[in-house]
Amino acid sequence: MADGNKVDARGLSCPQPALMTRHALQVAELGEVRVLVDTMTQVQNCTRAAEQLGWRVSVEEKEGTFELAFRK
Amino acid sequence: MTKSRDIFASGAGIIIVGLLLGCIAASLQKLGNPANMGVCVACFTRDIAGALGLHRAAIVQYLRPEIPAFCLGAFLAALSFGEFRPRTGSAPILRFLLGMFAIIGALVFLGCPWRAMLRLAGGDWNAILGLAGLIVGIAVGVAFLRLGFSLGRSYPTRRPVGLAMPLVMLILLLLAIFNFRAGEGAALFRSTSGPGAAAAPVAISIVAGLIIGFLAQRTRFCTVGGFRDAILMRDFHLLSGVIAFIVAAFLMNLIYGQFHPGFTLLAEDGSVAMQPAAHTVGWLNFGGMVLAGLSFCLAGGCPGRQVFLSGEGDGDAAMFVLGMLTGAAVAHNFLMVGGQPPQPLASWAVILGLIVVCIIGITGRGRPAGVR
């Protein structure tokens, strides 16, 4: 769930992970937001949503979970 | 991320693949698939239901190899790129119902979103109402999503769960290749007239299906996602692929002489004829696709996308696909299909479907997922 700067979107269908990411980034405005997803599709969707808002992203994969770190 | 992933995920990638899919779809028509039906996930699933004997509409029975090939193409793509992830647990029974009602709506219009676009690209203006309905349905789905609609999470699971659907599809494909028949008067059934009798050569259908499945898995091509993301997030990535699909199919139709504009056609004897596998009942063209669009939107993607997802191990998408297979049989057995004139229960099917799917939408708001 979204608690401002940490979002767990694992296992959710399109478009929820991207929508949650977008919402969290809009709330945070600046700084760092971390998002967990578990498919490459959602990595791409969340990244696109973030780049649209001018955030930079780095991705790390650990045991089937992708942790996206968005910074602005 | 590898370079190849970037190409497929890029804006150019989705447009190129959209163009390719449009060309393939129009070419399948040229090679024998029914007019304006190069690819139709709803119609083809319905034909498969008929081939298996799940319904008795004699003119729409054929084990279309494209659908299993879609799934297996996506399966191969997912395996090759390390994206095969067995997962399930996100409201499978509701996805089954959404699949049922999505295809019931699509069969009232006579086509899934893919075919709606191919009908438009072939000059069938009835598709304009269908696409308008689709967009309205998706917009209603977006409203539910904004209110916090979710079918809940799926979770990683054992390999057999993810392999089940590709295996079922492989068996279907083998049955199609060997033109299997259990005995006289038994499955597989095969139409001798009507849309079910029109088909491209099996080998071509399989190769085309595998290519489409592979490319669509890589690019996440989704006809419903295109409109949904544009409405919801002003993200035009998937929509650009969808538009490329329509443009390519239109241009190929012009080249092949398959573009015949109008709400109806003029037959050789001067009488008015329907567009191929179409009708002019506006409310049903529109309403059927509202139901379909809403159902697809709540389930997270168009029927093609659900088949592709089932190929990458998504057991919930597999339930949606099985729901479509069941829904196709129900639609024909209970006389809910659109036509000229429409079958008697078509309007009721749309109304009932909208009520059920809206209930799913309204009651699916538990634990809002950080959605505005």
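User: Happy to be looking at chain B with you! What share of its contacts between residues at least 6 apart in sequence join residues at least 24 apart?

Analyst: In chain B that share is 83%. A contact here means that two C-beta atoms, placed from the backbone, lie within 7 Å. Please keep in mind that this is a predicted model, where local features need pLDDT of at least 70, side-chain atom pairs count only at pLDDT 80 or more, and totals for chains, interfaces and linings use all residues. Residues are numbered from 1 along each chain as its sequence is written, while chains are lettered from A and ligands numbered from 1 in the order in which they are written.

User: What makes helix 3 of chain B "mostly covered"?

Analyst: Helices are DSSP runs of H or I with at least four residues, strands are E runs of at least two, and both are numbered from the N terminus. Chain B has 15 helices and four strands. A residue is buried if 20 or more other C-beta atoms lie within 10 Å of its own, exposed if 12 or fewer, and partly exposed in between. In helix 3 (residues 41-51), eleven of eleven residues are buried, including Arg46(B) and Asp47(B). Across chain B, buried residues make up 60% of the 372.

User: Which helices do those buried residues pack against?

Analyst: The buried residues of helix 3 pack against helices 4, 5, 6, 13 and 14 of chain B. From helix 5 (92-109), Ile103(B) touches Ala42(B) and Thr45(B), among others.

User: What makes a set of residues a nonpolar core?

Analyst: The set must consist of buried Ala, Val, Leu, Ile, Met, Phe, Trp, Tyr and Cys residues joined through C-beta atoms within 7 Å. The largest such core has 149 residues, and Ile103(B) and Leu98(B) are among those with the most contacts inside it. Helix 5 of chain B gives the most to this core, with 13 residues.

Technical notes
Lists of a residue's contacts leave out its neighbours within four places in sequence.
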